[in-house]
Structures are given as structure tokens and as C-alpha cells.
Amino acid sequence: MSTLDALQAALAGEHACIYGYGLVGAHISESAADRARDGYETHRARREELARQIRLRHGEPVAALPAYVVPIEVDDNQSARQLAGLLEQRLAVLYADLIDVTSVPALRELALTTLIETSVLAARWTGDTFALPGIDEPPAL
Amino acid sequence: MSRRSLLIAGAVVPLAGCDVFHSADEQEPTPTPAPPHPDDVIRARAVDAERALMALYLAAAAAHPDLEAELERFADRHLRHIAAIESTVPPLPPGSPTPTPATQAPAATDESPAPPDIAADPDAVVKQLRDAEVAAIEERTADCLQARDYRLATVLASIAACEAAHDRLLRSVR
């Protein structure tokens, strides 16, 4: 996998998270609504940054899919939290993959920072953490 | 200084670095061990730090039985960090001389350090653990950015991410 491929994969992951957080926001309890909104905005900001990094490398940023298969049925606060946690855990894998392949220090730093952020968010949503976020595979469901 | 000694000095100094007047024996460099690879230094440092964190959690769990089950889960994750760091040691090329585990290369000591002091107040213990995690996040972050090997960098990033999650989760331990 090249750095560009890993950036594209991370971007595709951010697209999926943006879609997923829309669903989370629709079902999350009022007490966590701000956090869901912050998550949504964070993923949108990262989408822009990744697209910029891809264009810098003469790539065409992958587009979002029209719809996504959501791995769990989200119809209440609990399932909304579960989905948000899962989105963050799966996203972590894509940023770990980027560190695995890139020789660009700035991209390693970007991926490191994001891996830390997603793991903290996953811990907040799920109340637990993997020993090795991004390396330990989240459940396929 | 006499003119004569000046002349001698002028004659000798430029030759000092030249091997014309030295026998082969004198030129033989004393064998110095090759410096450890920078990644080995990082691995050894990170393993030592993870061992210390694990020891801190186990001491805290022993001192606070009501937190024991929870804190042991944190200790287990630090134990997995050690294994993950060690899994990044590259295989030795065939025919290499006596292998020494990279994680023992620079400084790792086998002497068990004194058990860490644990506060009696549970809130103070949680603070102590969070401070240790935050310090570890900074160290592993710096190590990640310096690592030569990509896989080592990934493992260190993941460890820092787990420690950031630990810092967050410790808020709700009490």
C-alpha cells in the first residue's frame, strides 16, 4: 500500500464516519448530543485535510458513497453510542495503516494525533479500550 | 620557546595525524562495540516505561482491593504493549553472531525496582495513575515520531492512543 492509497482509505473512512454520525446524532440522548455534533464536525474537518493531502500528491480524493451499510441497527441512545464507538475503532485501523506505510513525517504526525483522538472518543462512547487501538481489530459484527 | 623547539613543534604537529611514522600495531583501532541502533534504544526505553506502568497499576490494585478488578485490566493492557514492542524487533540476518534481545541492549536492568509508593486516598491514586499515563503519552508520542521503522512507529502510536484512552477512562473509575 502506498501513502496515497492509505490516505484514500482514511478519507473513505471519514466519509463513512460522517454518514454514521448523522445517524448517531438522530438517536443519541440529549446529554451526549454535543459530543455527537463535535464528532461530526471533527470528521468533516479531517475529510477536508485528507482531501488536501491527496491533491498535494496529485490524487483525486475518493467521493463519499450515496449510502452505507450500517453494521448495527440504530434506533435508540444505546445503539447510537455503540455505532459511534465502532466507527471510531474502525477508523483507528485506517490511520494505523497510514503510519505503517508513510515515510512523510508530517503524515505520521497527523495519523498519530488522529489515532489518539479516535481512541479517546471510542473510550468515551464504549467505556472501554483496546490495548492496541488501530492494531487490534474491532469486531466485524 | 626557542626557535629550535618551534621548528620541532611545527614539524611534528602536521604529522601527528599522518600514519607515516606509526607502525601497523599502533594504528590498530581498539574494537569499540557498535552503538545500538536508535530504534533499539527506543524499544528498550518504551519497554522499561511500560513495565513501570504495569508495576504501578499492580501496586495500586494491591493497595486498593475495591479497585483491583478494574486496575488489573489496565495493567493487562500495558503488558500487551510490552509484547507488541518486542514483536517489532527485526529478525537477525542468517549467520549473525550471538543474538541479544534488542530490548535488553542499552540499559534494561534485571533488578526489580522498589515497588512504587501508592497513595492511601483512592482519588489520589487515580490522580497518580493519570499523571503516569499522561507522561507516558508524551514519551511514546515523541518516540513514535523518532522511530526509523514504520511498524515500530505504528505500535508506539497505538500505545500512546491506548494511554490517552486510559487517562480518559480513569476519570470514571471513581
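**View 1. Contacts within chain A by sequence separation.** In this predicted model, contacts in chain A between residues at least 6 apart in sequence are counted, and 71% of them join residues at least 24 apart. Buried residues account for 47% of the 141 residues in chain A.

**View 2. Overall fold and dimensions of chain A.** Chain A contains four helices and zero strands. Read from the N terminus, the order of elements is α-α-α-α. The C-alpha trace of chain A extends over about 40 × 35 × 25 Å along its principal axes. The radius of gyration of chain A is 15 Å, which agrees with the value near 14 Å that a compact globule of 141 residues would have.

**View 3. Packing of helix 1 against helix 3 in chain A.** Helix 1 (residues 3-27) of chain A packs on helix 3 of chain A at an angle of about 170°. The axes of these two helices lie 9 Å apart. Angles over 145 degrees count as roughly antiparallel, and helix 1 and helix 3 of chain A are therefore roughly antiparallel to each other. By class, the residues in the contact of helix 1 with helix 3 of chain A comprise 17 nonpolar, six polar and two charged.

**View 4. A:His58 in the loop between helix 2 and helix 3 of chain A.** The loop that holds A:His58 runs between helix 2 (30-56) and helix 3 of chain A. Phi of A:His58 is near 60°, which is a positive value in a residue other than glycine. A:His58 has 7 C-beta neighbours inside 10 Å and so counts as exposed.

**View 5. The contact of chain A with chain B.** On the two sides of the contact are 24 residues from chain A and 21 residues from chain B. Helix 3 (77-101) and helix 4 (105-126) of chain A each contribute at least two residues to the side of chain A that touches chain B. Helix 4 of chain A provides the largest share of this side, twelve residues. The side of chain A that touches chain B is made up of 17 nonpolar, three polar and four charged residues.

Key
Residues are numbered from 1 along each chain as its sequence is written. Chains are lettered from A and ligands numbered from 1 in the order in which they are written. This is a predicted model: local features need pLDDT of at least 70, side-chain atom pairs count only at pLDDT 80 or more; totals for chains, interfaces and linings use all residues. Two residues are in contact if their C-beta atoms, placed from the backbone, lie within 7 Å. Ala, Val, Leu, Ile, Met, Phe, Trp, Tyr, Cys and Pro count as nonpolar, Asp, Glu, Lys and Arg as charged, and the others, Gly among them, as polar. Axes are lines fitted to C-alpha atoms, for helices over the stretch in contact, and angles run from 0 to 180 degrees between N-to-C directions. Angles under 35 degrees count as roughly parallel, over 145 as roughly antiparallel, 65 to 115 as roughly perpendicular and the rest as oblique. A residue is buried if 20 or more other C-beta atoms lie within 10 Å of its own, exposed if 12 or fewer, and partly exposed in between; C-beta atoms are placed from the backbone. The radius of gyration is taken over C-alpha atoms; the globule rule is 2.2 Å times the number of residues to the power 0.38.
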